[in-house]
2 protein chains.
Amino acid sequence: MARVTGDGTVGKALEVLDQVAAFGRPVRFSELLAQSAFPKPTLYRFVQTLTNQQMLAYDPDRQTYSPGVRLVRLAHAAWDQTTLAPVARRHIDALSKIVGETVHLAQLDHAQVLYIDKRNAGQPVEMYSQAGKVGPAYCTGVGKVMLAFLDSDAADNVIEQQSFHVFTEHTLDSADALRAELNDIRENGYGFDREEHEPGIICVAMPILSDTGRVLGALSVTSTTSRTNLAGLEAFVPVLQDTADKIKRDAQNWSFPDHTSKETTRI
Amino acid sequence: MARVTGDGTVGKALEVLDQVAAFGRPVRFSELLAQSAFPKPTLYRFVQTLTNQQMLAYDPDRQTYSPGVRLVRLAHAAWDQTTLAPVARRHIDALSKIVGETVHLAQLDHAQVLYIDKRNAGQPVEMYSQAGKVGPAYCTGVGKVMLAFLDSDAADNVIEQQSFHVFTEHTLDSADALRAELNDIRENGYGFDREEHEPGIICVAMPILSDTGRVLGALSVTSTTSRTNLAGLEAFVPVLQDTADKIKRDAQNWSFPDHTSKETTRI
DNA sequence: AAACTGGTTTCATTATTTGAAACTTAGTTT
DNA sequence: AAACTAAGTTTCAAATAATGAAACCAGTTT
């Protein structure tokens with residue numbers, strides 16, 4: 001019988017790590033145990049191991065576990081090497097200046113949208129508090145445009161995992177409704193969020209596709225129904241397209257500076 | 001014979017993850033193999049597992065691995081729940097406004113200094129590019145003040161792992177020199193970086209200690225020898241102390257808002 | 001003091017990891 | 001095109017590590 005987790009011991013340990021992170025607050029061992037599939041000593045050892053490895057942090061005063069600092073270090077590397085953020089940075093700066101609205105850069109993680117960067121028109125950026133956040137794929141602009149351009153196996157797989165929780169009266173509430181919408185998006189090359197996630201919040205979203213057609217990520221410009229409407233947002237499509245093209249191009253040419261002997265450098 | 005890694009299979013897998021992250025750029029399997037202690041099939045399986053788990057990302061076009069996006073999501077949770085950043089935010093904002101110099105907030109990760117937040121006097125913040133960076137503990141202000149207040153077993157362990165690479169003519173170049181310095185710091189309650197890491201760069205650093213005496217992190221105010229000197233920086237000690245106390249207090253009272261039914265929320 | 005709760009350890013059983021060797025591509029060279 | 005090479009992948013028996021029922025050890029509560 002195939003295990004849910006797969007990937008042996010390492011997969012199980014990472015499952016525990018996710019479980020802790022999902023709590024959103026420091027948790028006690030017993031709380032984890034209560035909702036864990038693992039027997040007590042097994043879970044105990046995983047938690048011990050992860051704590052040793054600084055993947056979890058243990059607060060002896062409160063006797064709680066939370067995600068460890070080692071993750072912050074690793075994520076810095078991930079953000080820098082794997083995400084579109086470093087290549088896209090200057091392009092979304094420019095985009096946000098032109099459109100004067102909030103701009104998001106996102107990628108897919110499992111079946112969710114992972115926000116990688118954000119420009120809050122005008123405001124200085126508060127990065128870490130935003131990047132790393134996840135959102136639903138089926139009811140966000142960036143989510144839908146990315147789904148629309150996945151190959152159909154991958155798309156099916158992701159669609160299957162959507163919750164179709166109804167946030168507003170415009171939320172797409174079924175796989176069929178979503179598939180229809182994805183067809184439209186494929187036709188147009190871009191998509192909207194029509195107050196599907198939060199009332200009064202609308203956006204235009206544009207996929208970032210590689211030359212070979214792989215989905216690299218997505219961009220969106222967000223606004224409110226009090227300031228504009230879908231037609232108003234649609235006017236941004238050319239500049240969004242242009243920005244997406246530039247990011248695509250840079251992402252493909254990007255080659256990492258070879259700092260072979262990297263002694264730790266000044267922050 | 002005790003393994004270096006310890007922590008069984010999970011520890012080994014995480015060692016591989018670190019190895020990939022340390023490269024600072026996408027790497028091929030063969031590059032990893034060349035510098036790995038693991039035999040080919042073992043390393044191969046670890047890389048496979050980690051990729052399945054999205055802890056690594058595989059680029060099929062270039063046939064390279066890099067740290068995966070799952071880390072970004074996990075780190076968001078870590079930054080939010082485990083680090084001092086969210087509690088310290090308003091205090092370091094205030095501090096940076098008062099002193100008008102660059103302010104750092106750091107914690108220890110393994111034997112290194114991990115920068116958690118930063119205020120770049122005046123400039124708008126560019127967070128992600130900075131938070132997550134690591135630096136040496138033996139030649140930075142924040143590193144030394146944290147070491148000084150660790151209990152002696154932990155300190156010994158960390159000191160043992162320092163490279164004592166000589167960056168400038170003022171860099172402490174031995175465990176003995178460092179230990180002497182740590183004694184002074186323990187006496188005073190704060191410490192300096194006397195151009196030990198980079199010529200012309202100096203700082204005052206203050207540990208953030210819990211009521212029970214545990215090291216929670218450290219704060220520093222950084223400047224240049226062209227703008228001020230150690231005596232000038234020492235004038236900031238009272239306000240640094242005050243800020244550290246406030247962060248300590250808030251960290252201890254901090255209780256996480258209980259969003260039990262956390263549907264994904266807007267970014 | 002007995003019962004309970006939350007956390008930790010033991011140890012024989014079981015399942016997983018391990019790695020030498022063999023194999024498969026894909027790319028070069030003769 | 002055959003022979004060589006390098007990089008990546010699979011096999012399989014032996015070695016090792018993970019597993020979890022049960023027992024144990026604090027503190028607390030009844």
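Ala, Val, Leu, Ile, Met, Phe, Trp, Tyr, Cys and Pro count here as nonpolar, Asp, Glu, Lys and Arg as charged, and the others, Gly among them, as polar. The model is predicted: local features need pLDDT of at least 70, side-chain atom pairs count only at pLDDT 80 or more, and totals for chains, interfaces and linings use all residues. Residues are numbered from 1 along each chain as its sequence is written, and side-chain values use heavy atoms, without hydrogens or water.

By class, the surface near DNA strand C has six nonpolar, five polar and four charged residues. A residue is near the strand if one of its heavy atoms lies within 4 Å of it. In total, 15 residues surround DNA strand C; S30(A), K40(A), Y44(A), K12(B) and R45(B) are the closest. A polar side-chain atom of K40(A) lies 2.8 Å from a base nitrogen of DNA strand C. For R45(B), the distance from a polar side-chain atom to a base nitrogen is 3.0 Å. Helix 3 of chain B gives the most to this surface, with four residues (helices are DSSP runs of H or I, at least four residues, numbered from the N terminus).

The two protein chains also meet. Contact (heavy atoms within 4.5 Å) takes 90 residues from chain B and 90 residues from chain A. Nine salt bridges cross the interface, each a side-chain nitrogen of Lys or Arg within 4 Å of a carboxyl oxygen of Asp or Glu. One of them joins R214(A) and D61(B), at 3.1 Å from N to O.

Notes
Chains lettered and ligands numbered in written order. Polar contact = N/O pair within 3.5 Å; in protein donor to acceptor, adjacent residues only side chain to side chain. Helix = DSSP H or I, 4+ residues; strand = E, 2+ residues; numbered from the N terminus.
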